[in-house]
Amino acid sequence: MTKALVLGGGGVAGIAWTTGLLAGLAEAGQDWTDADLVVGTSAGSTVGAQLGSGLSLDELYARQADPDAPNHELTPPVAIAEVWETVVRLQREHPEPGDLRRAVAEYALKADTVSEEERRAVIEARLPSHAWPDRDLRIVAVEASAGLPVVFDRTSGVSLVDAVAASCAVPGVWPPVTISGVRYVDGGVRTSANADFAAGYDDVLVIAPLPDPPLEEQLAGLGGNVRLITPDEASLAAAGAEPLSPASRAPSARAGRVQGASAARA
């Protein structure tokens, strides 16, 4: 039996909640850290890389749940509601998915953000190890000029830090990432979890911190035994209105762990 773990985007809160959720599941006897495939998008790419760092799940959880743990996150320069308003407008103007991805990428390229170097330092601090893990980890980003999805893995010739930074380049908030002269934006510009990259596996767990209408269609096409977990009311409340804010980290981790234990019992 083959196992795939799909980890979707959701900002700082999404990283913490997903880590807590996995810890809660494992504590209740459902450990997914041994999955044959891990697909990570945006926040999920960070968690996927952390799972292969050599630290235990309890250690990773402690890094998220402790409010006094070292915090190298930047405060977002713009409210997420403002960014979402722009994305919704672009969705109305560009109903075709490819056109929409290119429009969102263009918005990202024009945005006034911190420098790539400042943002890369945040990603470096998030990852306990900067080496690709010895497992099938696939990180999804979107190439900005054509709006096409790109999947990075350990054979791509791209550093793990750059791959995660590209996947986490939230349009309008953080700068697109330049790799070998090519600009990349957040993998969530395609879909928030990109679950279709896990097709063909017997057991698939999809952890999706954000709502995403295309996800249902992707799940239907996976085959096998598929399970989806999204935030419950307590986890949504913990993330609050600004899931990119560093302040959302600790409460989201704790809420995720409680939800993970509950989900395992269910």
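Trainee: Within what distance do the axes of α6 and α7 come, and at roughly what angle do they cross?

Mentor: This is a predicted model, and the values discussed here are computed from it. Two packed helices are described by the angle between their axes and the distance between the axes. For α6 and α7, the axes come within 9 Å and cross at roughly 115°.

Trainee: Are α6 and α7 roughly parallel or roughly perpendicular to each other, and what is the handedness of their crossing?

Mentor: Angles of 65 to 115 degrees count as roughly perpendicular, and the axes of α6 and α7 cross at roughly 115°. The two helices are therefore roughly perpendicular to each other, and their crossing is right-handed.

Trainee: Which residue forms a salt bridge with Arg 120?

Mentor: Side chains of opposite charge can pair when their charged atoms come close. Arg 120 has such a partner, with the closest N and O atoms 2.8 Å apart. Arg 120 lies in helix α6 and its partner in helix α7, which spans residues 160–167, so the pair ties together parts that are 42 residues apart in sequence. The partner of Arg 120 is Asp 162.

Trainee: How many residues apart in sequence are the parts tied together by Glu 73 and Arg 126?

Mentor: Glu 73 forms a salt bridge with Arg 126, and their closest N and O atoms are 2.7 Å apart. Glu 73 lies in the loop between α3 (57–65) and α4 (80–93), while Arg 126 belongs to helix α6 (residues 116–126), so the parts they tie together are separated in sequence by 53 residues.

Trainee: Does Arg 126 count as buried or exposed?

Mentor: The cut-off for a buried residue is a relative accessible area under 20%. Arg 126 is at 9% relative accessibility, and it therefore counts as buried.

Trainee: Where do Asp 134 and Arg 154 lie?

Mentor: Asp 134 forms a salt bridge with Arg 154, the closest N and O atoms being 3.4 Å apart. Asp 134 is exposed, with a relative accessible area of 76%, whereas Arg 154 is partly exposed at 44% relative accessibility. The pair ties together parts that are 20 residues apart in sequence, because Asp 134 lies in the loop between α6 and β3 (136–143) and Arg 154 in the loop between β4 (148–152) and α7.

Trainee: In which sense do β3 and β4 run, parallel or antiparallel?

Mentor: The two strands form a hairpin with four residues between them, and Gly 147 in the turn has a positive phi of about 70°. Ile 139 stands opposite Phe 152 in β4. Five bridges join β3 to β4, and the sense in which they run is antiparallel.

Trainee: Which strand pairs with β3 in the parallel sense?

Mentor: β3 is mostly covered, since six of its eight residues are buried. With β6 (residues 182–186), β3 pairs in the antiparallel sense over three bridges, and Val 142 stands opposite Val 185 in β6. In another pairing, the bridge partner of Val 39 is Arg 138 in β3. The strand that pairs with β3 in the parallel sense, over five bridges, is β2.

Trainee: Is Asn 194 buried or exposed?

Mentor: Asn 194 lies in the loop between β6 and β7 (203–207), and its phi is near 50°, a positive value in a residue other than glycine. Ser 180, in the loop between β5 (177–179) and β6, also has a positive phi, of about 50°, and at 76% relative accessibility Ser 180 counts as exposed. Asn 194, by contrast, is at 0% relative accessibility and counts as buried.

Methods: Residues are numbered from 1 along each chain as its sequence is written. This is a predicted model: local features need pLDDT of at least 70, side-chain atom pairs count only at pLDDT 80 or more; totals for chains, interfaces and linings use all residues. Side-chain values use heavy atoms; hydrogens and water are left out. A salt bridge is a side-chain nitrogen of Lys or Arg within 4 Å of a carboxyl oxygen of Asp or Glu. Buried means under 20% relative accessible area, exposed over 50%, partly exposed in between (1.4 Å probe, protein chains only). Two strands pair if DSSP finds at least two bridges between them. Axes are lines fitted to C-alpha atoms, for helices over the stretch in contact, and angles run from 0 to 180 degrees between N-to-C directions. Angles under 35 degrees count as roughly parallel, over 145 as roughly antiparallel, 65 to 115 as roughly perpendicular and the rest as oblique. A crossing is left-handed if the near helix is turned anticlockwise from the far one by less than a right angle, and right-handed if clockwise.
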